[in-house]
Amino acid sequence: MNTFTLIALALIALFGRFLPKLIQFIKLVLWSRKLPGPTIGELIENAKKRQILFWFKELREKHGSPFRIWLGKDLVVFFTDPDDVKQLLSDNTLLHKSNNYKLFSPWLGNGLLTNGGESWHSRRKLLTPAFHFRILSEFKEPMEENCKLLVDHLQKKANEEEFDVFPYITLFTLDVICETAMGIKKNAQMQSESEYVKAVKNILRILSQRSFSIWHRNNIFFNYTSLGREMLANLKILHGETNRVIKLRRKLLQDSKIRSLKDAEASYDSIGQKRRFAFLDMLLISQMEGIPLSDRDIREEVDTFMFEGHDTTSSAIGFAIYLFSQHAEVQQLAYEEAIALEGREKEPMPYLEAVIKETLRIYPSVPFYSRLLTEDMKMDKLTVPKGASVTVLSYMVHRNENCYPEPEVFKPERFLQNNKEVHPFSFVAFSAGPRNCIGQKFAMLELKCTLSCLLRNFEFLPVQGFKPHPFADFVMKSSNGIKIRIKPRKN
């Protein structure tokens with residue numbers, strides 16, 4: 001067989017491998033012409049300006065729901081109607097995340113955020129008992145301890161002069177998630193320049209830059225860029241630390257002769273207090289009990305919890321503080337409830353919970369999330385083809401005027417009323433259906449503990465003329481920070 005024949009056969013094999021993908025791509029291009037949507041140039045322009053959310057709002061007002069966007073070679077179809085959202089999130093077969101989530105794979109591997117299909121379903125089933133094991137009792141104490149440190153830092157700013165509170169909140173939530181996820185104290189609030197703290201900040205920044213860059217989304221190209229090399233260096237730090245802590249916590253469990261959840265329930269420390277366990281400990285104990293979780297699986301889930309439980313919570317706390325500063329009467333009612341229920345944050349706190357939900361309605365921590373279609377999907381009069389991504393644009397779902405009159409106005413009482421006419425899928429801050437947020441209870445507890453603690457110590461005051469500019473990272477943030485003024489409470 002001569003060289004020419006070998007080359008010809010290789011080209012035929014290569015063509016045969018990519019032909020189905022090429023045919024599918026052509027079908028997507030032809031189908032996409034049925035839907036309105038912007039050009040790639042418009043996407044790049046608005047991404048550079050960090051105005052994606054405002055632009056999405058304009059697209060929704062211009063085109064209605066659904067509309068489409070081409071994100072490189074990926075076709076993304078956005079839905080904002082609650083009925084469509086219900087169909088998407090309730091579908092037990094729609095379990096694969098869109099290609100955009102693959103950007104997280106180098107860090108999070110096949111953790112719950114990035115995994116899909118039967119693999120995801122099996123992992124979720126395995127993790128749910130471990131995640132919810134004594135979760136409220138185990139995690140409340142480190143939340144409160146770290147919040148006291150946050151209060152100490154903010155005392156230095158309690159002079160009614162304006163400042164950006166968001167960096168303080170971010171370091172606080174990182175401390176909380178390190179202690180609750182891995183069982184270690186990182187003291188980010190005290191050592192904000194530590195190698196690990198900087199690596200977390202850097203990896204989130206890099207992932208954000210990749211998300212809306214057509215060139216950087218290509219793995220082959222990205223790995224040879226300075227940004228790609230920077231990401232690899234930071235991943236080495238993050239994975240190395242998680243692996244180190246896995247070995248450390250396993251040895252601690254073995255030395256304490258804890259080999260099952262039953263042993264953990266009956267465990268006390270050296271001074272006779274109930275031993276505190278982290279999310280990592282629950283996974284290691286489950287592994288000892290025979291649940292099929294490798295060390296790599298455990299690392300992926302701990303890293304996933306680190307990401308999802310850090311950035312999302314800091315976003316919600318930051319925007320809630322801003323809204324308190326703008327609405328004195330709301331702040332006063334929440335303060336009175338925080339005083340009345342101090343130490344009982346695990347119990348219902350109707351008014352503060354309403355404030356949190358209204359904050360997440362206006363500023364959802366995850367402004368949109370996507371699923372990849374592995375089969376054609378009929379949506380009302382529209383059949384979305386296999387290979388497209390369907391996206392719930394929660395930022396606009398929450399602004400449906402039929403469900404929320406005056407949608408831009410902050411009204412916590414919306415969530416105090418028992419309004420049966422409001423569509424159950426008009427509020428999807430924690431997603432819904434089979435892929436709903438597994439950490440929802442954790443997030444609500446941290447939000448309640450943190451906000452009630454801060455309300456008991458400070459009064460939040462507005463900064464004249466300031467308004468946050470929300471932008472769509474993977475998690476919603478404000479491009480101009482969260483500027484407030486504070487003064488001490490006279491309790």
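Start with the aromatic rings: a search of the whole structure finds 17 aromatic pairs. Rings of Phe, Tyr and Trp (its six-membered ring) pair if their centres lie within 6.5 Å; planes under 30 degrees apart count as stacked, over 60 as edge-to-face, the rest as tilted. This is a predicted model: local features need pLDDT of at least 70, side-chain atom pairs count only at pLDDT 80 or more, and totals for chains, interfaces and linings use all residues. Residues are numbered from 1 along each chain as its sequence is written, and side-chain values use heavy atoms, with hydrogens and water left out.

Select Phe 78 and Phe 368. Their ring centres are 6.4 Å apart and the planes meet at 75°, so the pair is edge-to-face. Phe 78 is in strand 2, Phe 368 in the loop between helix 17 (350-362) and strand 4, 290 residues apart. Helices (H or I, at least four residues) and strands (E, at least two) are DSSP runs, numbered from the N terminus.

Next, select Phe 305 and Phe 442. This pair is edge-to-face, 5.1 Å centre to centre, with 70° between the planes. Phe 305 lies in helix 14 (residues 295-308) and Phe 442 in helix 19 (residues 440-457), so the pair ties together parts 137 residues apart in sequence. Phe 305 has 8% relative accessibility, so it counts as buried. Phe 442 is buried at 2%.

Notes:
Buried means under 20% relative accessible area, exposed over 50%, partly exposed in between (1.4 Å probe, protein chains only).
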